[in-house]
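These notebook entries record what I looked up in one structure.

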Amino acid sequence: IEGLDCKQFEVYYQPIIDKKQERIVSGEALVRWNHPKLGFLHPASFITIAEDNGAIIPLGEFVLREACSQSRKWKEAGHPFFRVTVNLSFAQILDSGFTESTFKILEETRIDPNDLELEITESMAMVDPDSTRETVEKLQGIGVRIVLDDFGAGYSSLNHLHHLPFDGLKIDGQFIRQSLGSEKSSNLMQSIIRLAESIKINVVAEGVETKAQLDLITTMGCHIVQGFYFTHPLP
């Protein structure tokens with residue numbers, strides 16, 4: 001909380017790229033803590049602590065507001081349309097005031113709700129599917145897009161695509177790396193991409209780090225990609 005009060009947090013963005021059209025279609029917002037004593041900290045260093053002590057709610061609201069404000073600035077500067085993508089914590093999904101807070105931020109920053117994507121991980125979707133569905137449907141009701149993140153990281157239940165109305169899914173980088181050396185994993189990933197396309201769910205390959213991984217995923221028909229192969233998150 002003190003870090004927020006002292007404005008020590010910054011939001012960086014990692015481009016999500018459509019390789020077929022050779023353009024940026026979205027930017028994923030990723031928070032960084034510019035700590036006065038410990039230096040520049042990545043989320044792995046503090047997100048779990050923020051979740052445990054309740055600071056994740058105001059921190060998440062800060063990231064969401066910053067991302068929406070940045071989207072408005074890009075649009076006013078005349079840059080081509082692309083969405084901002086923001087990760088949600090499970091605490092935010094369960095927070096009774098989250099949807100109202102999101103609506104308020106969209107109004108304050110004057111961005112089209114369709115310009116915002118919110119990411120929910122598979123593990124979050126499994127813990128309380130009813131509450132998650134209720135929140136998802138409220139947000140989608142005003143045009144916000146909801147994406148299933150880290151698909152293939154550990155649970156990989158295709159059931160989620162039927163029971164929760166996601167607009168897209170992100171294939172985990174670990175799953176992509178496994179598919180390079182495993183015909184079984186490769187065939188499974190190909191099936192997931194085809195299934196998602198058949199039910200009109202957009203697919204993003206995240207964590208792409210090498211040319212071989214990029215070639216594999218694009219050969220399978222997934223042209224929306226994200227990862228260090230292109231760039232690290234940028235201020």
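Entry 1: I took a cavity to be a set of points, on a 1 Å grid over the protein atoms alone, where a 1.4 Å probe fits but cannot get out. A pocket is an open set of points with protein on both sides within 12 Å along at least five of seven lines, and lining residues have an atom within 4 Å of a point. Grid points are joined across faces, edges and corners, and a volume is the space filled by probe spheres set on the points. Rolling a probe the size of a water molecule over the atoms shows where empty space is left.

**Entry 2: the model.** I noted that this is a predicted model, in which local features need pLDDT of at least 70 and side-chain atom pairs count only at pLDDT 80 or more, while totals for chains, interfaces and linings use all residues. Residues are numbered from 1 along each chain as its sequence is written, and side-chain values use heavy atoms, with hydrogens and water left out.

**Entry 3: the cavity.** I searched the whole structure and found 1 cavity of 30 Å³ or more. The largest cavity holds about 60 Å³ of space. I listed its lining as Ser 71, Trp 74, Lys 75, His 79, Pro 80, Phe 81 and Phe 82. For classes, I counted Ala, Val, Leu, Ile, Met, Phe, Trp, Tyr, Cys and Pro as nonpolar, Asp, Glu, Lys and Arg as charged, and the others, Gly among them, as polar. The lining of the largest cavity then has 4 nonpolar, 2 polar and 1 charged residues.

**Entry 4: the pockets.** The largest pocket has a volume of about 1000 Å³. Of the 37 residues that line the largest pocket, Glu 28, Leu 30, Pro 43, Asn 87 and Asp 149 lie nearest its centre. I took helices (H or I, at least four residues) and strands (E, at least two) as DSSP runs, numbered from the N terminus. Which element gives the largest share of the lining of the largest pocket? It is β2, with 5 residues. Other elements that supply at least two residues each include α3 (56-76), β4 (83-87) and β6 (145-151). By class, the lining of the largest pocket has 16 nonpolar, 13 polar and 8 charged residues.

The second largest pocket has a volume of about 470 Å³. It is lined by 26 residues, and Arg 145, Asn 202, Val 203, Val 204 and Ile 224 lie nearest its centre. Among the elements that supply at least two residues each are β2, β6 and α10 (183-198). Its lining divides into 11 nonpolar, 5 polar and 10 charged residues.

**Entry 5: α9 with its partners.** I used axes that are lines fitted to C-alpha atoms, for helices over the stretch in contact, with angles from 0 to 180 degrees between N-to-C directions. Angles under 35 degrees count as roughly parallel, over 145 as roughly antiparallel, 65 to 115 as roughly perpendicular and the rest as oblique. α9 and α10 pack at about 130 degrees, with their axes 6 Å apart, and are therefore oblique to each other. In their contact (heavy atoms within 4.5 Å), Phe 175, Ile 176, Gln 178, Ser 179 and Gly 181 in α9 meet residues of α10 including Leu 188, Met 189 and Ile 192. This contact has 5 nonpolar, 5 polar and 1 charged residues.

The angle between α9 and helix α11 (residues 211-219) is about 90 degrees, with their axes 10 Å apart. That makes α9 roughly perpendicular to α11. Ile 176, Arg 177, Ser 179 and Leu 180 in α9 meet Ala 212, Gln 213, Leu 216 and Ile 217 in α11.
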